[in-house]
Amino acid sequence: GEVYERYQILNQLGKGSFGEVRKAVDVETGDLRAIKQIVKHRFQTDPKALDLCRREIEITSSLHHENLCRLIEWFEDPQHICLVLEYIDGGDLLDYILKYPNEMGLPEEHAAMLTLQICRGMAYTHSRGVAHRDLKPDNILLMRETPDSPVVIKIADFGLAKMVNAKTMLTSLVGTPQYLAPEVVMQDKRNPGYENVVDSWSIGIIVYSMLTKSMPFAEEGDQPLERIRARFTQPFDVDLLFERGISDRAIDFISRLLEKKPSDRMTMAQALDHPWLAGPASQDS
Ligand code: ADP
Ligand code: MG
Ligand code: MG
């Protein structure tokens, strides 16, 4: 394939809104990398794209935590800005949930072990003053140190992190609205300062889907906006959790993440202290 001075490009790993992510090998060290290529001509047609790209590089390179995907360096070629990321070989959480052999969802202890790592990564991110704002299972990657070691979570794609303008967020994310917090959609100016807990909401949705392989809010109406608005008024489907025998602790954990009012919602620091995570699952890592 294509060759950069230092990286030999291999197969495609994913395709996103701004370009492709491709597997690569560092020819000097032999290390595997993921190179996220952001197409430069986007910058001419979309004036915000350059800012977003700069922010993604700045934020990703400033965050160092074992549960976050690390940015090693970046460079450009005539057509692309290239982000060189550590290569995460275990696929994403979406595939992991869908392919998990148990039809009903992940066993609770396993879900709690993964959630603990997601919350650790996000508690660190929030402590650095950054909100991710695009947490969903396809942006959460998994790897194992060795084939027998436990799964390690690596949160990726800080492409929308700390983007303050909620209106832009709505228009750009309306294609996959399932993980958006109510206040993002309402653009509630009376509730400033709760930006970090939009991530808590998304994690509530993610945990629910891990435990049930289904979504907490009924998808009704043809218009995406209608579907999103339903989330302001409807309670989530807690009956399914009871039917599946999910523990009271897990139900409480999810309920506190899916609080509609941002000021009532559980922060990541509180999540780490919650009995569902602070129980047995936290001991083995
Ligand atoms: P976008 O902002 O376009 O959504 P992402 O950063 O989410 O781009 O990357 C798109 C996809 O590429 C991811 O969902 C994942 O499948 C794959 N990918 C991204 N980063 C890595 C990585 N470091 N290692 C392995 N695969 C990755
Ligand atoms: Mg993504
Ligand atoms: Mg992105």
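Two strands count as paired if DSSP finds at least two bridges between them, and it is in this sense that strand pairing is described in the legends below, which concern a predicted model.

**View 1. The pairing of β4 with β5.** Glu76 stands opposite Ile81 in β5, and the two strands β4 and β5 pair in the antiparallel sense over five bridges. Helix α2, residues 47-62, lies across β3, β4 and β5 and runs at about 150 degrees to β4.

**View 2. The five-stranded sheet.** The strands of this open sheet follow the order β1-β2-β3-β5-β4, with antiparallel pairing. At the edges are β1 and β4 (71-76), each of which pairs on one side only, and from one strand to the next the twist averages 30 degrees. Strands of a sheet pair through backbone hydrogen bonds, in either a parallel or an antiparallel sense.

**View 3. Strand β3 and its two neighbours.** The hairpin formed by β2 and β3 has five residues between the strands, and Gly30, in the turn, has a positive phi of about 80 degrees. Strand β5 (residues 80-86) is likewise antiparallel to β3 and is joined to it by seven bridges, with His80 of β5 as the bridge partner of Val39.

**View 4. The surroundings of ligand 1.** Ligand 1 is surrounded by 20 residues, of which the closest are Gly14, Gly16, Val21, Ala34 and Asp157. The elements giving two or more residues to this shell are β1 (7-15), β3 and β5. Sorted by class, the shell around ligand 1 contains 10 nonpolar, five polar and five charged residues.

**View 5. The packing of helices α7 and α10.** Helix α7 (residues 197-212) packs against helix α10 (residues 248-257) at an angle of about 145 degrees, the axes lying 8 Å apart, and the crossing is left-handed. On the side of α7 the contact is made by Ser200, Trp201, Ile203, Gly204, Val207, Tyr208 and Leu211, and on the side of α10 by Ala250, Phe253, Ile254 and Leu257. By class, this contact of α7 with α10 comprises nine nonpolar and two polar residues, with no charged residues.

Technical notes:
Residues are numbered from 1 along each chain as its sequence is written. Chains are lettered from A and ligands numbered from 1 in the order in which they are written. This is a predicted model: local features need pLDDT of at least 70, side-chain atom pairs count only at pLDDT 80 or more; totals for chains, interfaces and linings use all residues. Helices (H or I, at least four residues) and strands (E, at least two) are DSSP runs, numbered from the N terminus. Axes are lines fitted to C-alpha atoms, for helices over the stretch in contact, and angles run from 0 to 180 degrees between N-to-C directions. A crossing is left-handed if the near helix is turned anticlockwise from the far one by less than a right angle, and right-handed if clockwise. Two residues are in contact if their C-beta atoms, placed from the backbone, lie within 7 Å. Ala, Val, Leu, Ile, Met, Phe, Trp, Tyr, Cys and Pro count as nonpolar, Asp, Glu, Lys and Arg as charged, and the others, Gly among them, as polar. A residue is near a molecule or strand if its C-beta atom, placed from the backbone, lies within 6 Å of it.
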